[in-house]
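This report describes one protein chain, moving from its overall dimensions to selected elements and residues. The sequence and the structure are shown below.

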Amino acid sequence: MNTVLNDKPDALDAPTLVERVRAAGIVGAGGAGFPTYVKLQAQVEIFLVNAAECEPMLKVDQQLMAQQAARLIRGVQYAMKATGAREGIIALKEKYQPAITALTPLLPPAIRLHILPDVYPAGDEVLTIWMATGRRVPPAALPVSVGVVVNNVQTVLNIARAVEQHYPVTRRTLTINGAVARPQTVTVPIGMSLRDVLEMAGGATIDDPGFINGGPMMGSLVTSLDAPVTKTTGGLLVLPKTHPLIQRRMQDERTVLSVARTVCEQCRLCTDLCPRHLIGHELSPHLLVRAVNFHQAA
């Protein structure tokens, strides 16, 4: 159904909002794929939109915010109504100026923008919460433990469509980037093959390419272009198969651990610069590497 119902956030009760989100099959579009209706059943003080889009080469959230600013804000209002949140925050980077320009004049009193630094990994959920709210999620805890629910941009837009149009999640917006003829962001049906997605960008411009589903930092290796687009497909990156990002993902765990054992000199610089360690989590990457190398980790 594509007919707008003109429902306002205050006109629907929380159970109705949650049920429409459940019926639409909305999951976290950021990659985790957690059912969104479950998150919206929590009662919290703050609803936070993680719009950092920290992965290099991906342009989805920043472009959607600029193009669909009003719908995004309506989605935040629906989510706030469902969760009882008194404040909505859209956390995005200063360099996303088109999005900031589009959102700012539409902000109601209960929703604000929080400008994040242009650093990686500012989009880490725990770090985004800390920077935007000052609240620290304890280790191994969920954001709801500090009164916060987090969703990303595309998820919130899907919430608005579900509430207003009973629109199920049947499409996904993703960036095609790297060694392609026409890098672009497209919206495609779920189930469309990655091969067809690649053709929309004019195909690869190099011989023997490798492919990553998602961003260069956290994305996964694509082993077949016949794989379908899913609700959590973050992007399609095309790189030479000899590129370190492709080569690393082609290595087995034993090889990766052997490299770590060879190069790690226990300088603890990784720990000193670890964002979660810096906000007080008892996380020491150099000790984790030591434990894994000496078979002391489960």
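Helices (H or I, at least four residues) and strands (E, at least two) are DSSP runs, numbered from the N terminus. The model is a predicted one, in which local features need pLDDT of at least 70 and side-chain atom pairs count only at pLDDT 80 or more, while totals for chains, interfaces and linings use all residues. Residues are numbered from 1 along each chain as its sequence is written, and side-chain values use heavy atoms, with hydrogens and water left out.

**Overall dimensions and surface**

The chain contains 13 helices and nine strands. Its C-alpha trace spans about 60 × 45 × 35 Å along the principal axes. The radius of gyration, taken over C-alpha atoms, is judged against a globule rule of 2.2 Å times the number of residues to the power 0.38. For 298 residues a compact globule would have a value near 19 Å, and the chain agrees with this at 20 Å.

Of the 298 residues, 44% are buried.

A contact means heavy atoms within 4.5 Å. Among contacts between residues at least 6 apart in sequence, 67% join residues at least 24 apart.

For the charges, Lys and Arg count as positive and Asp and Glu as negative, with His and the chain ends not counted. Each charge is placed at NZ of Lys, CZ of Arg, CG of Asp or CD of Glu. The mean positions of the 28 positive and 24 negative charges lie 2 Å apart.

**The open sheet and strand β6**

Two strands pair if DSSP finds at least two bridges between them. Five strands form an open sheet of mixed pairing, in the order β6-β5-β9-β7-β8. Because β6 (184-189) and β8 (220-221) stand at the edges with a single partner strand each, one side of each has no neighbour in the sheet. Within the sheet, β5 (residues 171-178) and β9 (residues 235-240) run parallel and are joined by four bridges. Glycine 178 is placed opposite valine 238 in β9.

Glutamine 184 belongs to strand β6. Leaving aside residues up to four places away in sequence, glutamine 184 touches Leu174, Thr175, Ile176, Met200 and Ala201. The loop between β6 and α8 (194-200) holds glycine 191, which touches Pro228 and Val229 when residues up to four places away in sequence are not counted.

**Helix α13**

In α13 (residues 285-293), the residues Pro285, His286, Ala291 and Asn293 are buried. Their cover includes α10 (253-263) and α11 (269-273).

**Loop residues and accessibility**

Methionine 57 has a positive phi of about 80° although it is not a glycine; this residue sits in the loop between β1 (46-50) and α3 (60-67). Alanine 140, also not a glycine, has a positive phi of about 70° and lies in the loop between α6 (125-133) and β4 (148-152).

| Residue | Relative accessibility | Class |
|---|---|---|
| Methionine 57 | 25% | partly exposed |
| Alanine 140 | 92% | exposed |
| Glutamine 184 | 27% | partly exposed |
| Glycine 191 | 48% | partly exposed |

How values were computed. Buried < 20%, exposed > 50% of the residue type's maximum accessible area, 1.4 Å probe, protein only.
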